Amino acid sequence: MELSQKQAGPASGSPLPASSRTPTPAWAAADDSVSASIGGLQEYYYDLCMEKSQEIKPFILQILQEVDKEIEKGSVGITLNIAGNSRSVSGERVTGEDFWILCRVLKNNSYINGLDVRYNLLSDVGAYYAAKLLQKQQNLIYLNLMFNDIGPEGGELIAKALHKNRTLKHLRMTGNKIENKGGMFFAAMLQINSSLEKLDLGDCDLGMPSVIAFATVLTQNQTIKGLNLNRPILYGEQEESTVHLGHMLKENQCLVELHMCKHDIKNCGMKQLCDALHLNRSLQYLDVSCNKITQDGMKCLADVLKSNTTLEVIDLSFNRMENAGANYLSDALASHNRTLKALSVVSNNIEGKGLVALSQSMKTNPTLSHIYIWGNKFDEATCVIQNMYFKSTVFPRNKAMHL
């Protein structure tokens, strides 16, 4: 099949959708004239581009050809991966108009239940079509829209589309600056949606009101298992967001994973979280990295670890525990805790004796298999002991959903 390319007619004149009330652009309103079942996804995409005078992207054709091969083999539950940071796309990026065509291709496809278009150029135009896809595609359970220049209006469209969606389980919005306005729409969505299980809103410039709104909603929502609220834009010294999230953890017994990186948590906030963790019986993964927690906060956490039976992974990277904090943790891990599997203390200003104490806790703790320690202060004697006891010094830097 010879590939010819035409410049997209609608790309120059298509309106940006300001909210979910925005009408469908006229150039996208016509019904599909080609069935996805004829000739496979590759041919359907090609024919739609020709019909709509949209530029044909060879890298998209190639990816769809590979998916067609998987479908021919009988594969189901396929995730279509057109990530902009993938080597397979060779520097190409999917635009909002490209995504319009892709959504038409995928709308009635029962073989694909995951879509990964992270690190592309969808913008709010693409968010408009993502919302339409969520309203019409009844098989999609995973959608990755990370770092696509989606703003507050696009966030509103996607959040409102999830009011009626009953299939999507995991949504990743990391790096899209939906701000406080968009965050409020997602929090409101969680009052209605009862199927979404994982929501990633890290690095989205959420504000204090939206973080508090999430904490409030999750006292009632019994479906969300994983929530990423990393790096909100917070002001003030009262750690108000931490207080509200701590209260949520006292009430919520379904949340399994919580990411609170860069929440400016100090010892007072850590105590609030630890008071909640004494009562919580569901949380398995806690990320409080890149905060300002010192030895006093670590002492509170050590007290939790002596009785908690659910926590399996704790990320304390880039805090300020020093040797005293390390000693508090090592004592709890060596003598009391038998559920924690991995602990990161990367870059915590821990010196030789503190690192030795942590290494020895691994020797006596049968469940603790990984402690991540780089960025601390090693001397020769510490390195010898580290080589004897530490089983891994590699910690995954991806802060997104772990489970």
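This is a predicted model: local features need pLDDT of at least 70, side-chain atom pairs count only at pLDDT 80 or more; totals for chains, interfaces and linings use all residues.
Residues are numbered from 1 along each chain as its sequence is written, and side-chain values use heavy atoms, with hydrogens and water left out.

Let me begin with the chain as a whole. The protein chain has 13 helices and eleven strands, where helices (H or I, at least four residues) and strands (E, at least two) are DSSP runs numbered from the N terminus. Of its 403 residues, 55% are buried, a word that stands for under 20% relative accessible area, with exposed meaning over 50% and partly exposed lying in between, for a 1.4 Å probe and protein chains only. Among contacts with a separation of 6 or more in the protein chain, 82% come from residues 24 or more positions apart, a contact being heavy atoms within 4.5 Å.

Eleven strands form an open sheet in the order 1-2-3-4-5-6-7-8-9-10-11, and the pairing is parallel; two strands pair if DSSP finds at least two bridges between them. At the edges are strand 1 (78-81) and strand 11 (370-372), each of which pairs on one side only. Strand 1 has Ile78 and Leu80 on a covered face, and Thr79 and Asn81 on an uncovered one. It pairs with strand 2 (residues 112-116) in the parallel sense over four bridges, and in strand 2 the bridge partner of Asn81 is Asp116. Further along, strand 5 (residues 198-200) and strand 6 (residues 226-228) pair in the parallel sense over three bridges, with Leu227 of strand 6 as the bridge partner of Leu199.

Let us turn to helix 8. Its twelve residues, 240-251, should span 16 Å at 1.5 Å a residue, and the end C-alpha atoms are 17 Å apart, which agrees; the expected span is 1.5 Å times one less than the number of residues. Which residues of helix 8 are buried? They are Ser241, Thr242, Leu245, Gly246, Met248 and Leu249. Seen down the axis of helix 8, its buried residues fall within an arc of 160°, so they line one face of the helix, the arc being that of the directions from the helix axis to the C-beta atoms. What covers these buried residues includes helix 7 (208-217), strand 7 (257-259) and helix 9 (267-277).

Finally, the aromatic rings. A search of the whole structure finds three aromatic pairs, where rings of Phe, Tyr and Trp (its six-membered ring) pair if their centres lie within 6.5 Å, and planes under 30 degrees apart count as stacked, over 60 as edge-to-face and the rest as tilted. The rings of Trp100 and Tyr129 have centres 6.4 Å apart and planes at 40°, so this pair is tilted. It links distant parts of the chain, with Trp100 in helix 3 (residues 96-106) and Tyr129 in helix 4 (residues 123-136), 29 residues apart. Tyr128 and Tyr129 form an edge-to-face pair, 4.9 Å centre to centre with 85° between the planes, and both are buried. Together, Trp100, Tyr128 and Tyr129 form one aromatic cluster.
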